[in-house]
Amino acid sequence: MSSSSLRSSVAELIAFAYRNYAVTKNEFYALFEMLFWPVVSLFTIGLLGEFLTLKSEEISFILIGVIALSVIQIVQIDVTYVMLYDMWSMSLEYSVVSSAPFSKMVLGAWLFGVLRGFVAYVLLVISSTGLFGLEYTLPLLSSALFIFGIFLGALIIGLVNCIFILVFGRRAEIFAWTLAAIVMIFCGIYYPVEILPEPFRTAGYLIPITHFLEYFRSFYGYQPAFGNPLFIGFAESLVYLVLLFYTAEISLKRARKTGLVLKLSG
C-alpha cells in the first residue's frame, strides 16, 4: 500500500468515526446509555455481592463480568449505528453508494465506540475499586490485551447486527439491544463456563469473549479451561472477523439487488 493510499484509508476511517461523534454529541440518549445502565448494573451486582458476603476474589470475578458487559454493549451499539442511524434517517442509500468499502464504515464507527468504551471501562474500574473493593491486579500490558480483546468481541457482535439488518431489514433491529446480553449468557459473565450443560458449554468456548474473561480471572486464581486463553481468544476473533467482513460485503450486494437498501431508505 502506498503512502497516499494509507493516508486516504486513515482519513476515511476518521471520517466515519467523526460521523458517529457528530450524531452522538447531539443525542442525550447516547450519553445516557454510556453511563446510566453501566452504573445501575454495577450497583446492582456490587450490592448483591456485599449482601452475600463474597470473598475478595469472588467479588472481582463477578464485577469484571459487569464491566465487560457494559463496555461491550457500548462499543457494539456504535458499530451497529452504522446501519441504524442511516435506517432511522432514511438515508441508507446515500451511504452505501459512497466509494468507501463497508469495512471502513464499520471500523470507523468501531474506533469511536472504542473511545467511549475505554472511558466507561476506566470509570467502572475506579467505581468498582472504591465502592466494592475490586482489587485490580492486572499489569498494564495484560490490561491492554484484555481490553483490546473485549473491543474485538464487541466489533464481532456489532458486525453480526449489521449483517442481520442487511438480510432481514427493520425486523432485525431488536438484536442491536439484545444480542450482546444473549452472547454474554454463554460467556460466563457471572459464573464459570464449565457449569453450563452441553451443548451450551461448547458454544461458550466458541465465543472469544469467554477466553478473554478467563484470562482476566486467571490473575485472581481461577484456572482457565485451556492453556493459553489469550491466544485462543485472538485466534477466534481473527477467524470470525474475516468471515463476517466477507459476509457483510456479500449481504450488502444482495441488499442492493433485492431493493432492501431502498426499502430501508424510504
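Three salt bridges turn up when the whole structure, a predicted model, is searched. Side chains of opposite charge can pair when their charged atoms come close. Take the pairs one by one.

Start with Glu12 and Lys104. They form a salt bridge, and their closest N and O atoms are 2.8 Å apart. This pair links distant parts of the chain. Glu12 sits in helix α1, which covers residues 3–24. Lys104 belongs to helix α5, residues 102–132. The two partners are 92 residues apart. Is Lys104 buried or exposed? Lys104 counts as buried because its relative accessibility is 19%, and the cut-off for buried is under 20%.

Stay with helix α5 for the next pair. Arg116 lies in this helix. Its salt-bridge partner is Asp78, with 2.8 Å between the closest N and O atoms. Asp78 is part of helix α3, residues 56–88. Again the pair links distant parts of the chain, here 38 residues apart. Both Arg116 and Asp78 are buried.

Now move to Glu198 and Arg201. Their side chains meet in a salt bridge, at 4.0 Å from N to O. How exposed are these two residues? Glu198 has a relative accessibility of 45%, so it counts as partly exposed. Arg201 has 28%, so Arg201 also counts as partly exposed. Partly exposed is the range between the buried limit of 20% and the exposed limit of 50%.

Methods: Residues are numbered from 1 along each chain as its sequence is written. This is a predicted model: local features need pLDDT of at least 70, side-chain atom pairs count only at pLDDT 80 or more; totals for chains, interfaces and linings use all residues. Side-chain values use heavy atoms; hydrogens and water are left out. Helices (H or I, at least four residues) and strands (E, at least two) are DSSP runs, numbered from the N terminus. Buried means under 20% relative accessible area, exposed over 50%, partly exposed in between (1.4 Å probe, protein chains only).
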